[in-house]
Amino acid sequence: MPEHEEAAGAAAGAGRLGAAELGREPGRRASLVQFSTAFCQPCRATRRILAEIAAMVDGVEHIEIDAERNLALVRALGVEKTPTVFVLDGAGRIVRRAVGMPRKADVIAALGAAV
């Protein structure tokens, strides 16, 4: 197994995601991690919703991951459909997971559990 696949599996098994898995630094307070695919219509709307919320809350980052280019992480986290959204706390722990286009109010409520 290549090194990055081992890292993805270990991180997912520990329930934590960091810069190595996400491809960039997570948010200081929380992260909204979205797994998307190129032709996914609900992914576009989800991107807008999550980016808007991240812009409203200091220390929160929206991180979008291309599911097709990150198959090891997709497998490690059990992502089966896009969009799939993970809410991470400031330590990178997964506190919520949702499949499909989320409602803004639900994302804000889930974010409250992370910060």
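Figure 1. Helices (H or I, at least four residues) and strands (E, at least two) are DSSP runs, numbered from the N terminus. Of the 115 residues in the protein, 40% are buried, where buried means under 20% relative accessible area, exposed over 50% and partly exposed in between (1.4 Å probe, protein chains only). The protein exposes about 6,300 Å², with carbon and sulfur atoms supplying 51% of it; accessible areas come from the Shrake-Rupley method with a 1.4 Å probe, and for residues only the protein chains shown count as cover. Among contacts with a separation of 6 or more, 68% link residues 24 or more positions apart, a contact being heavy atoms within 4.5 Å. Residues are numbered from 1 along each chain as its sequence is written, and side-chain values use heavy atoms, without hydrogens and water. Because the model is predicted, local features need pLDDT of at least 70 and side-chain atom pairs count only at pLDDT 80 or more, while totals for chains, interfaces and linings use all residues.

**Figure 2. Four strands form an open sheet in the order E2-E1-E3-E4, with mixed pairing.** Two strands pair if DSSP finds at least two bridges between them. Strands E2 (60-66) and E4 (94-99) are at the edges with a single partner strand each, so one side of each has no neighbour in the sheet. On average, neighbouring strands are turned by 15° against each other, direction ignored; axes are lines fitted to C-alpha atoms, for helices over the stretch in contact, and angles run from 0 to 180 degrees between N-to-C directions.

**Figure 3. Strand E1 (residues 30-36) runs parallel to E2, joined by seven bridges, and antiparallel to E3, joined by six.** Follow leucine 32 here: it stands opposite histidine 62 in E2, and its bridge partner in E3 is valine 87. Further along, phenylalanine 35 has isoleucine 65 as its bridge partner in E2. Seven of the seven residues of E1 are buried. Ala30, Leu32, Gln34 and Ser36 point one way from the strand, while Ser31, Val33 and Phe35 point the other way.

**Figure 4. One aromatic pair is found in the structure.** The ring centres of phenylalanine 35 and phenylalanine 86 are 5.8 Å apart and the planes stand at 75°, so the pair is edge-to-face. For reference, rings of Phe, Tyr and Trp (its six-membered ring) pair if their centres lie within 6.5 Å; planes under 30 degrees apart count as stacked, over 60 as edge-to-face and the rest as tilted. Phenylalanine 35 belongs to E1 and phenylalanine 86 to E3, so the pair ties together parts 51 residues apart in sequence. Both partners are buried: phenylalanine 35 has a relative accessible area of 0%, and phenylalanine 86 has 2%.

**Figure 5. Threonine 82 and proline 83 are joined by a cis peptide bond.** Omega is about 0° at this bond. Proline 83 sits in the loop between helix H4 (71-77) and E3.
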